[in-house]
Amino acid sequence: MIYSIQNNKIQSFIPKRVTSWAMLAYVAAIFCCNILFASHMLHWQWWFFGAIEVCGFFFFANRLSKGWFYLTPMHFTQKLFWTAFFLRALWVVVSYVLYQNWTGTAFSIEAADELFYNDVAQYAAGMMRNGDWNIYSNIQDYSGGTQFSDMGYPIYLTFVYWIFGGSFVVARLIKAILGAWTVVLMYKLTSRNFGEQVGRMTAIMCMLMPNLIYYCSFQLKEVEMVFLCILFAERADFLLRKGKLAFVPTAMLMLIPAVMFTIRTALAAVMVMAFFCALLLSSERIVSWGRRALLLTLALVFAGVVLTTSTSIGQDIQQMWQTRGSQQQVNMEWRAERDVGQGMTQKFAKYAGAAVFAPMIFTIPFPTMNEVPGQENQKMIHGGNFVKNILSGFTIAALLLLLFSGDWRKYVLPLAILCGYLVILVFSTFAQSERFHLPIVPFTLMFASYGISKMNEVWWVKKYYPYWCALMFVAAIAWNWFKLAGRGMI
């Protein structure tokens with residue numbers, strides 16, 4: 001069945017101009033990095049992964065955004081979910097075979113956190129089968145005192161293992177389901193904010209984004225964390241715009257960040273802050289004053305109840321605020337002195353900090369395109385990072401357009417989540433960590449899609465895109481020189 005979308009004034013699919021320049025920039029960057037630093041040439045398997053991630057993403061982003069353009073919303077949603085699930089489930093199977101080959105186990109090469117979560121959950125699930133249901137204490141005893149802000153995922157994984165007999169494959173297939181559901185939620189959220197065409201582009205890019213697929217093969221909390229964040233954003237946006245005004249829907253909504261406080265404090269705080277920002281700053285055309293006042297009252301009551309009944313949440317927020325600057329400086333100095341593999345240190349790390357990260361925060365991390373000891377995961381996902389680098393140009397363009405046009409007040413909630421979390425990352429010890437950027441990758445793709453949709457209307461978005469690709473080519477080479485030179489490898 002053919003579905004007609006009436007608004008033809010905007011760029012309604014991801015054009016070949018975008019995908020061709022991106023793939024050209026990637027090919028040029030990886031060849032130059034490995035020619036200039038030939039003594040540390042990337043192993044063939046990382047070339048293969050990078051090519052699949054970059055070329056696969058941009059080729060199918062162009063092809064599917066065109067091919068699925070005339071599908072009805074229901075048919076589009078169905079194809080979106082099942083294709084997203086298939087890609088993630090396929091990666092679960094492929095990664096299992098690869099890890100068995102490389103490590104002799106079902107876990108990745110750099111599996112420290114992964115093994116910790118798996119071992120703790122397996123122990124607690126075993127205790128449950130023996131009749132001991134004191135999950136919190138069992139996890140605390142086995143782990144030697146896990147913090148409250150990191151208890152949510154082990155408890156969740158314990159129940160998964162208890163129900164499915166400790167199967168890590170089932171746990172990863174559940175991640176594939178949650179990842180596919182996340183894609184559908186992003187389609188709904190973006191379509192409600194920016195229209196059907198932008199919603200479809202965002203959904204297809206989220207479906208194909210290598211970084212969002214990658215973590216389905218890990219016993220880590222990233223997939224669940226992204227799902228909860230997007231679920232909160234989509235439900236909060238619905239409630240703000242047209243949902244039923246009542247205490248129960250608001251309380252159910254605020255339970256999501258309450259759960260997130262047991263997974264990652266910073267992201268939970270950003271979600272709550274974003275909701276209040278949306279209530280206070282959104283345009284009257286989006287949120288009426290009556291709805292605004294009632295929701296604000298309900299949210300304040302619920303937030304007050306949560307904070308007064310859980311001292312751990314308040315303590316975690318206070319500690320995060322008090323250590324926001326000093327912790328980063330100490331960590332960067334430690335990184336400059338620690339052994340990063342084969343007796344080497346990264347001497348340039350001490351120069352990194354908020355002043356360096358802030359101008360690049362929408363774009364980093366840059367891809368690792370040379371053989372650097374002990375960074376197999378970064379090399380495996382380097383193509384996904386390059387995709388993010390390229391698309392960040394459209395994200396920045398979208399934010400500038402919204403700021404200068406004054407339309408930002410229509411999209412306060414997603415803007416507050418995106419910018420709020422990035423501000424925290426700038427002052428954290430994880431600003432350059434791909435894994436810690438993952439929760440807001442769907443939001444960067446949302447605004448990137450909006451930027452792409454403006455290519456036919458705003459001349460400079462189209463004109464300067466090739467220059468942005470050239471800049472990312474240079475940045476990739478500079479970053480790989482930095483990593484090698486800082487370790488004394490060149």
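Arginine 235 lies over the face of phenylalanine 238, at 4.6 Å from the ring centre, where a charge sits over a ring if NZ of Lys or CZ of Arg is within 6 Å of the ring centre and within 35 degrees of the ring normal. The model is a predicted one, in which local features need pLDDT of at least 70 and side-chain atom pairs count only at pLDDT 80 or more, while totals for chains, interfaces and linings use all residues. Residues are numbered from 1 along each chain as its sequence is written, and side-chain values use heavy atoms, with hydrogens and water left out.

**Charge over a ring**
- The charged end of arginine 200 sits over the ring of phenylalanine 76, at 4.7 Å from the centre of that ring.

**Aromatic pairs**
- The structure holds 39 aromatic pairs, a pair being rings of Phe, Tyr and Trp (its six-membered ring) with centres within 6.5 Å, counted as stacked when the planes are under 30 degrees apart, as edge-to-face when over 60 and as tilted for the rest.
- Tryptophan 46 and tryptophan 102 form an edge-to-face pair, with 5.6 Å centre to centre and 65° between the planes.
- Because tryptophan 46 lies in helix 2 (residues 44-67) and tryptophan 102 in helix 3 (residues 73-103), the pair ties together parts that are 56 residues apart in sequence; helices here are DSSP runs (H or I, at least four residues), numbered from the N terminus.
- Tryptophan 46 is buried, with a relative accessible area of 2%, whereas tryptophan 102 counts as partly exposed at 31% (buried means under 20% relative accessible area, exposed over 50% and partly exposed in between, with a 1.4 Å probe and protein chains only).
- One aromatic cluster includes Trp46 and Trp102 together with Phe48, Phe49, Trp91, Tyr99, Tyr214, Tyr215 and Phe218.

**Glycine 67**
- Glycine 67 lies in helix 2 and is exposed, with a relative accessible area of 56%.
- Between glycine 67 and phenylalanine 13 there are 9.4 Å in space, C-alpha to C-alpha, although the two are 54 residues apart in sequence.

**Nonpolar surface patch**
- Leu280, Leu281, Leu400, Leu403, Phe404 and Trp408 make a nonpolar surface patch of about 610 Å², with areas from the Shrake-Rupley method and a 1.4 Å probe, where for residues only the protein chains shown count as cover.
- Patches are made of residues with over 30% relative accessible area and no salt bridge, like charges being joined within 9 Å and nonpolar side chains (Val, Leu, Ile, Met, Phe, Trp, Tyr) within 5 Å; a salt bridge is a side-chain nitrogen of Lys or Arg within 4 Å of a carboxyl oxygen of Asp or Glu.
- Helix 12 (265-281) and helix 18 (382-405) are the elements that give two or more residues to the nonpolar patch, and helix 18 gives the most, with three residues.
- Leucine 281 is found in helix 12 and is partly exposed, with a relative accessible area of 38%.
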